[in-house]
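Good morning, and thank you for coming. I would like to take you through a few features of one model, beginning with a pair of helices.

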Amino acid sequence: MVSIIIDNNLLLRSYVPEDTQELFIAVNNSRNHLNTWLDWVAKTTKPEHSLQFIQQSLQQLHNQEALALGIFYNYRIIGGIGMHHWEQKTKKAQIGYWIIKEFEGKGFINKCLVKFIDFLFEKIGLNKVEIHFVPANKRSASVAGRLGCKVEGILRQSVMRNGKHEDLVVTGLLKHEWKSRIPEKDIESLTH
């Protein structure tokens, strides 16, 4: 079980089977909002699918293949954050995230990702994290940019979205780049 405290109200933690109903409701209530970018949303049509995801996530954590965490705001699931395609030899992985519409644009994802990336570099020992997104996903492009990710390339027509081939933007962030960045709170003090 992994748990990362973000602040007094915000927590990242491993999903447990008891989260099934709440996770399903969070996804189901934000279906239109999430479905645009996340293929798995269309396949999550009943609570059993959320339970299968939780069970699979716990097994992948045990096998050190992936890490899926819920974003909990005042004990309520408002999103998810995770690491997948974990390559032990090269010490790199992809990260992904989602949040319900009600909490979008309020800085929650950025706050969570800062702590999550700290955890991945310091506790897990990764050397590199990647964020992949389609060019139309301007919010993910913005998130990657704020974190200091660099565009490493565009994989042409490498994903299917809504039945069409689309390009995939690959961004990356190295551990030494993360360590040398100026934390956001310090940037704010420099600009005021």
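Is the crossing of α4 and α5 left-handed or right-handed? The model before you is predicted, and in it the crossing of these two helices is right-handed. The contact involves I109, N110, L113, V114 and I117 on the α4 side, and V143, R146 and L147 on the α5 side.

Let me turn to the geometry of the pair. Two packed helices are described by the angle between their axes and the distance between the axes. Helix α4 spans residues 108-124 and helix α5 spans residues 138-147; they pack at an angle of about 45 degrees, and their axes are 11 Å apart.

Next, I would draw your attention to G105, which is placed in the loop between β5 and α4. G105 has a relative accessibility of 65% and so counts as exposed, the cut-off being over 50%. The C-alpha atom of G105 is separated by 8.8 Å from that of R139, although the two residues are 34 residues apart along the chain.

Finally, helix α1, residues 20-29. Which residues of α1 are buried? They are T20, L23, F24, A26 and V27. These residues lie on the same side of α1, because they cover an arc of only 160 degrees around the axis. The buried residues of α1 pack against α2 (31-35), α3 (47-62), β4 (76-87) and β5 (92-99).

Conventions:
Residues numbered from 1 in each chain as written. Predicted model: local features only at pLDDT ≥ 70, side-chain atom pairs only at ≥ 80, totals over all residues. Heavy atoms only, no water. Buried < 20%, exposed > 50% of the residue type's maximum accessible area, 1.4 Å probe, protein only. Helix = DSSP H or I, 4+ residues; strand = E, 2+ residues; numbered from the N terminus. Arc of directions from axis to C-beta. Contact = heavy atoms within 4.5 Å. Axes fitted to C-alpha atoms, helices over the stretch in contact; angles between N-to-C directions. Left-handed = near helix turned anticlockwise from the far one by under 90°.
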